[in-house]
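The sequence and the structure come next.

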Amino acid sequence: MEKVALVSCADYEKKTVDRALDEALSLLGGLEQWVRPGMRVAIKPNLVHKSRPEQCAVTHPAIVAAVARRVIALGAEAVLAESPGGVYNQSVLKGVYAASGMQEAARQTGMQLNFDCSQQTVHSEQAAVYREMPILTPLAQADLIINIAKLKSHTLTVYSGATKNLYGAIPGLVKAELHFRFQSREAFADMLVDIAQAVAPQLSIIDGVWGMEGEGPGTGDPRHMGVILASASPYAADDAAVRLLGFERGEIPVLAAAEKRGLLGQVQVAGEKIEDHLVEAFVRASDSDGSLAGAKLPGWLARPISRWLALKPKIVAKRCVGCGICVKVCPAHVIKIKGGKAHIAKKNCIRCFCCMEFCPKKAVVPYRPWLFRAAIALTSGRKGEKHA
């Protein structure tokens, strides 16, 4: 049985965060059980892209700073290491660190910011689908890894937390290649578990003070949740987190994959009760698989209809500024800038929603033909569901 500490944390004021973090770590036996003098401790936040803390797409710097101070107080070095989506180089990292507040957090605490953009190949015999993977050098060489995720919805993986956060251990545009290689939700989830097992963080913390709902993980809406979660297991931390949002374990592909492999069993929640922190009417990301679940159609007919009605990204022309970020991050290379606006060749789109995740203007939205609701109602006898 894995233990998860659940502690209330109303805001990001230093005294509030310090109290909540100390309580969470105490419930797990204290940070000193992992951190020793002389260690090089890598802190892995979620810095999905260049974003300010109040947009709730990135781990808040107050949480990172609190962890860094405690690591340094125990006589270890603290280095922040992360690869945002898209291009991964020193210039990009400088911009991301500054915008996210990590540069200031480092100045205040003595934490180091990583600018080493090299990688090391890690081989995993236990992997299900991804055995040879490039891992950021500062993570591969760390004595200890502390994983600090953000609690968010996710259009592809349903939910983004501790396990999904470790996708950032893969450098830059390699992540886009993996979207193309592992296109189904099941395969993508297996790949994420393979990465989590290879990176093997000793401690996972989830910043759920303010999270994100709707079209996460990059362009959704901020939502106050008022909690911090912590566990030695990223899967257990995620299991507790999704229950706060109203999900069942089986609804989250990465948790279903972890459970199938025997990596996730019973979870004990210590500290406060999940029932006292349920997030009412949490807005889930649009369902991206487009399947006609429960439809009474033969497979030969259901499959092409599902593809036709599947959720796809759509460009909102009046918001698009033609910056080209979506072109760079698209793993299928189906986006081009024409007439100063982005255009998607939907026929070959793999529906990974990287374009939506990284668009700084929220110019990409999930779209499904209006016939979808009619098809669901007609084939399954259920009332049409609300979709974008």
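A residue is called buried if its relative accessible area is under 20%, and in this predicted model Y167 is buried, as is F188. The two residues also form a pair: their ring centres are 5.5 Å apart and their planes stand at 75°, so the arrangement is edge-to-face, for which the planes must be over 60 degrees apart. Because Y167 lies in the loop between α6 (162-165) and α7 (174-181) while F188 belongs to helix α8 (residues 185-199), the pair ties together parts that are 21 residues apart in sequence.

A further edge-to-face pair is formed by F247 and F282, and the two pairs are set out below.

| Pair | Distance of ring centres | Angle of planes |
|---|---|---|
| Y167 and F188 | 5.5 Å | 75° |
| F247 and F282 | 6.3 Å | 70° |

F247 sits in the loop between α9 (234-245) and α10 (253-260), and F282 in the loop between β11 (267-271) and α11 (299-309), so that this pair links distant parts of the chain, 35 residues apart. F247 counts as buried because its relative accessibility is 4%, and F282 counts as buried at 9%. In total, the model has four aromatic pairs.

A charged side chain also meets a ring, since K314 lies over the face of Y367, at 4.7 Å from the ring centre.

Helix α8, which holds F188, also packs with α10: their axes come within 8 Å and cross at roughly 65°, and the crossing is right-handed. On the α8 side the contact involves R185, A189, D190, L192 and V193, which meet P253, V254, A257 and A258 of α10; by class, seven of the residues are nonpolar, two are charged and none is polar.

Conventions
Residues are numbered from 1 along each chain as its sequence is written. This is a predicted model: local features need pLDDT of at least 70, side-chain atom pairs count only at pLDDT 80 or more; totals for chains, interfaces and linings use all residues. Side-chain values use heavy atoms; hydrogens and water are left out. Rings of Phe, Tyr and Trp (its six-membered ring) pair if their centres lie within 6.5 Å; planes under 30 degrees apart count as stacked, over 60 as edge-to-face and the rest as tilted. Helices (H or I, at least four residues) and strands (E, at least two) are DSSP runs, numbered from the N terminus. Buried means under 20% relative accessible area, exposed over 50%, partly exposed in between (1.4 Å probe, protein chains only). A charge sits over a ring if NZ of Lys or CZ of Arg is within 6 Å of the ring centre and within 35 degrees of the ring normal. Axes are lines fitted to C-alpha atoms, for helices over the stretch in contact, and angles run from 0 to 180 degrees between N-to-C directions. A crossing is left-handed if the near helix is turned anticlockwise from the far one by less than a right angle, and right-handed if clockwise. Contact means heavy atoms within 4.5 Å. Ala, Val, Leu, Ile, Met, Phe, Trp, Tyr, Cys and Pro count as nonpolar, Asp, Glu, Lys and Arg as charged, and the others, Gly among them, as polar.
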